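Me: I am new to this structure. Please take me through it in short steps.

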Amino acid sequence: MKFDTKAVRAGIKPDPTTGAIVPPIYQTATYVLEEVGKDKGFDYTRASNPTRSILEENLASLEGGKHGICFSSGMSAVDAVLKMLKSGDHVVCSDDVYGGVSRLFNDLLVNYNLEFTYVNSSNVQEVGSAVKENTKLIWIETPTNPLLKVTDLEAVGAIAKSKNILYGVDATFSTPALLRPLEFGADIVMHSTTKYISGHNQIIGGAIITSNDDIAEKMKFIQKTIGAVPSPFDCWLTLLGIKTLSLRMKRHCENAQEVAEFLESHPSVERVSYPGLPSHPGFSIASKQMDGFSGMISMELKGGIPAGKKLMNNLKLCALAESLGAVETMITHPATMTHADVPEKERHARGLTDGLVRLSVGIEDVNDIIDDLAQALEKI
Ligand SMILES: Cc1ncc(COP(=O)(O)O)c(C=O)c1O
């Protein structure tokens, strides 16, 4: 099956009882055994659920992987991967990972004696140099949130393979419609399914996909043991979203390209970061490994925090909201929103400057999005 067919059909069979073309929501906690020791493959929904199994099979198929394991959020999926490590292990991680991931690593997991080194993974040498005797995981996000740094997945894969290190990729920003990290040597792909995969701002969810049977067995054990599983209804809503993933991603890419080109030529904008612009340092790697550049743009406004606030407050169509990857265009200003708690010095050191704005370009008519940005930019 080709990708677009898999999105609509993989894992989905007509319901055996009624023939329903859309799988039922198996909203049940438990399952009645036929006799002692004889169930129908399901015993308790924390361990497995038919609606969730369909989603897991569908996601595995989209990534070209063997196993999908779903979680109640992207964060619980990342946490589950880290639960495969042991006290004393070291992780090499992209320096611009989503803030929730660095919070999990720096504020919680360090207490369990895990050690983290952050590197600019766009520079593959930095990844190699950070590897130590006790490095057990390389964790890459590409493109990153919010600076949209791009990593050469194949080159990092070669390092991970040569040193026998587990290699995980958070591909939330690209989705399997645009990037399939297992093809480039990743052992694990992770998604916040909250974003493009479900696509309509309707659920919180996460997923891990792997082709490695040992990793899958460990992840399934962790999934049922920690119990951070998505509800059957959320799995069902995610499956519904996935049916249009390919169509949506095409439109996100087209719209974002036009918006990025508009912003790049605007006098109030200092700099635009979009992997589909030739000015982006990761343009050639992204062109090589991705089938499109996705819908995320970050830009640096001239005029810092006051300019950011004015832009945000004057937008009428673009929603001032913290998430991303949905059909609605959403915008955030890290200095006053997502990263307001980070001390200014640290924020700046991480490249999260006062005028930085992150835009998740939706699937509305692109002219309406550009008109809205243009009228708000006029006012800063
Ligand atoms: C790249 C990335 N990874 C992981 C997460 C965490 O996902 P969730 O919010 O579903 O827990 C996010 C959330 O924004 C994200 O952007």
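This is a predicted model: local features need pLDDT of at least 70, side-chain atom pairs count only at pLDDT 80 or more; totals for chains, interfaces and linings use all residues.

Me: How many bridges join β2 to β4?
Reply: Strand β4 covers residues 135-141. β2 and β4 run parallel. The number of bridges joining β2 to β4 is four.

Me: Which residue of β3 is the bridge partner of V91?
Reply: β3 spans residues 115-119. β2 and β3 pair in the parallel sense, over five bridges. In β3, the partner of V91 is F116.

Me: Which hand does the β-α-β unit of β2, α4 and β3 have?
Reply: The two strands, β2 and β3, are parallel. Together with α4 they make a β-α-β unit. Its hand is right-handed.

Me: Why is β2 largely enclosed by the rest of the structure?
Reply: β2 holds five residues, 90-94. A residue counts as buried with 20 or more other C-beta atoms within 10 Å of its own. β2 is largely enclosed because the number of its five residues that are buried is four.

Me: Is Y118 buried or partly exposed?
Reply: Y118 lies in strand β3. Buried needs 20 or more other C-beta atoms within 10 Å. Y118 has 19 such neighbours, so it counts as partly exposed.

Me: How far apart in space are Y118 and V91, C-alpha to C-alpha?
Reply: In sequence, 27 residues separate Y118 and V91. Leaving aside residues up to four places away in sequence, Y118 touches C93 and D95. From C-alpha to C-alpha, Y118 and V91 are apart by 8.5 Å.

Me: How many of the 14 residues of α2 are buried?
Reply: Helix α2 runs over residues 50-63 and reaches 20 Å from its first C-alpha to its last. Its cover includes α1, β1, α7, β6, β7 and α9. I54, L55 and L59 are among the buried residues. α2 is mostly covered, with a buried count of 11.

Me: Which residue with a positive phi follows α2?
Reply: α2 ends at residue 63. The phi of the residue that follows is near 70°. That residue is G64.

Me: Which elements give two or more residues to the shell around the ligand?
Reply: Of the 14 residues around the ligand, S73, G74, Y98, S192 and T194 come nearest. Elements giving two or more residues to this shell are α3 (74-82) and α4 (99-108).

Me: How many residues of the shell around the ligand are polar?
Reply: Four of the shell residues are nonpolar. Two are charged. The polar count is eight.

Terms used: Residues are numbered from 1 along each chain as its sequence is written. The expected span of a helix is 1.5 Å times one less than its number of residues. A residue is buried if 20 or more other C-beta atoms lie within 10 Å of its own, exposed if 12 or fewer, and partly exposed in between; C-beta atoms are placed from the backbone. Two residues are in contact if their C-beta atoms, placed from the backbone, lie within 7 Å. A residue is near a molecule or strand if its C-beta atom, placed from the backbone, lies within 6 Å of it. Ala, Val, Leu, Ile, Met, Phe, Trp, Tyr, Cys and Pro count as nonpolar, Asp, Glu, Lys and Arg as charged, and the others, Gly among them, as polar. Two strands pair if DSSP finds at least two bridges between them. A crossover is right-handed if, with the strands pointing away from the viewer, the path from the first strand over the helix to the second runs clockwise.
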